[in-house]
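Hi,

Here is the structure I promised to pass on to you.

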Amino acid sequence: MEIVHVSAECYPVAKAGGLGDVVGALPKYQNKLGHIAKVVMPMYRTKFLMDNEWVVDFKGHSYIGNRFFEYTVIKERYNVLEFDLYLIDIPGLLDREKIYGYADDTERFVAFQIAIVDWLTHWQHQPDVVHVHDYHAGLIPFMMQHCYAYNRLGSIPSVLTIHNAQYQGWMGWDQSYMIPAWDSWKAGLLEWKNTINPLASAIKCAWKITTVSWSYLDELRASANGLEDLFEYERGKCAGILNGIDNEVWDPLTDTYISDNYSIENVHAGKHANKLQLCNQFNLDVEKPLIIFIGRLVGEKAADILPDSIMSALYGMPGAVNFLILGSGEPQVEWQLKNMVHQFQGQYNVMIGYNEKLSHQMYAGADFLLMPSRVEPCGLNQMYAMRYGTVPMVRATGGLKDTVIDMGDPGGYGIRFYHASVGDVFHGITRAVKAYEDSRQLGDMRARMMQVDNSWDKSAQDYVNLYQGLT
Ligand code: ADP
Ligand code: GLC
């Protein structure tokens, strides 16, 4: 089958979070299964763009409202990512350094989507599936079926994967001029609660919807940032397919980002060496358990409870544990986390920002990874942690519920708790400290989690089965 993935992110070209990881890995695994999976994304001005060679695949033009724009589709020449990668350049709109965060993001991503459907109408043949990811590509199923200029694409199955339903790309009706002329009887397919809602539109128009874990799909019917009824109504079209991880990128034996490579055979020594490097760099105590947090410092991740949770542990169990945080997000949380450093020198530290290399070193060197998320559609961090023998401490929600078995249950290797509260996190930390003291138990848990297969092999096939049901 020929599958065209459309996404705002794709690792290592441009990544802000897990969406990038998924779109950088799933197509590779689909190709391994004998299919032709391609990725189309905006041509941001990233290092990957500068470091690789490109050929021009197509040049076209279109309109966003009455603004004329030209676009160029370039293709990476040597297939370095093991799938065909296409970038869409729209001068003045997509040629920026960052992925998101500009005042004209709506216009940027609508133009991106117009360029894609326009380009697809110029293909000599039709792909078997157009697979769109999140709201940035959410208007494509509507455009393929109901915009006059792209009628030719109406019979191509489209699939939407929801990585995060919190963000929906809302547009006022005063911005409807950006969408190419459509059958006005179909306006309802763009709308949810009196505004244009690209995510809702994709849920209505795509042939199939997937969420990135089974539990998240269940949870969306009760809590979906306003879309609950829509998920209930469209439930027949929805399926959960759990994310995988790229076992080649995330392998402690070959990872070039970490200071000391290791495998399940020498996990104890290997992790200790990495921890030593980390503790030296961040002034922490290598003898004490090290608990880390990596991620966006936002409400969904319950980052706001981190400062109090850490303080309660450092006051409540003096000298028992170390913490290291890597992330960026809400200024108030960043400020609190930074302010605590001088107060807890030698047992706590934080790095505000995004740092891919450091994140790998942390998965390798930490003993425990904390994820108290309020909402977690899947979560990849816990799976990376498991691959590196780091015990996941998670709130049992979404994908965290589907991937982490508590150490008290048969075959377990993690710490689960039920509320995103300081009390629950504190209790989790006391369990972590105890588990750390029992080196045999810790060793068994590491061995068990490192043997869990979270690779994309199975889920890539699940997606293919889903597409095959449509064609
Ligand atoms: P989300 O996509 O909601 O942010 P995921 O758990 O799916 O959450 O994926 C997060 C990805 O982003 C992981 O690869 C994680 O290691 C990475 N990541 C998050 N924050 C940072 C950061 N500050 N520095 C480096 N990597 C980060
Ligand atoms: C989103 C979710 C995260 C998920 C990722 C990849 O960013 O917040 O839970 O793992 O997408 O699907």
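The shell around ligand 2 divides by class into six nonpolar, five polar and two charged residues; here Ala, Val, Leu, Ile, Met, Phe, Trp, Tyr, Cys and Pro count as nonpolar, Asp, Glu, Lys and Arg as charged, and the others, Gly among them, as polar. In this predicted model, local features need pLDDT of at least 70 and side-chain atom pairs count only at pLDDT 80 or more, while totals for chains, interfaces and linings use all residues. Residues are numbered from 1 along each chain as its sequence is written, chains are lettered from A and ligands numbered from 1 in the order in which they are written, and side-chain values use heavy atoms, with hydrogens and water left out.

Staying with ligand 2, 13 residues surround it, and H163, N243, E376, C378 and G379 are the closest (a residue counts as near if one of its heavy atoms lies within 4 Å of the molecule). The largest share of this shell, three residues, comes from α1; helices (H or I, at least four residues) and strands (E, at least two) are DSSP runs, numbered from the N terminus.

There are polar contacts too, meaning pairs of N or O atoms within 3.5 Å (within protein, one must be able to donate a hydrogen and the other to accept it, and residues adjacent in sequence count only if both atoms are side-chain atoms). A side-chain N or O atom of E376 is 2.5 Å from an oxygen atom of ligand 2. From the backbone, a polar atom of G379 is 2.8 Å from an oxygen atom of the ligand, and an N or O atom of P377 lies 3.4 Å from one. The protein covers 93% of the 300 Å² of accessible area that ligand 2 has on its own (Shrake-Rupley method, 1.4 Å probe; for residues, only the protein chains shown count as cover).

Where does ligand 2 lie relative to domain 1 and domain 2? Domain 1 (2-244 + 456-470) and domain 2 (264-450) both give residues to its shell, so ligand 2 lies between them; the bounds come from an automatic or database domain assignment.

Now for ligand 1. Of the 20 residues around ligand 1, G18, D21, R296, K301 and Y363 come nearest. By class, that shell holds six nonpolar, nine polar and five charged residues. At least two residues each are supplied by α1 (18-32), β12 (290-297), β13 (322-329), α11 (356-365) and α12 (381-387).

A backbone N or O atom of G353 lies 2.8 Å from a nitrogen atom of ligand 1. The protein covers 93% of the 560 Å² of accessible area that ligand 1 has on its own.

Two backbone details to finish. The peptide bond from Y11 to P12 is cis, with omega near 5°, and P12 lies in the loop between β1 (2-6) and α1. N283, in the loop between α8 (267-282) and β12, has a positive phi near 55°, although N283 is not a glycine.

Best wishes
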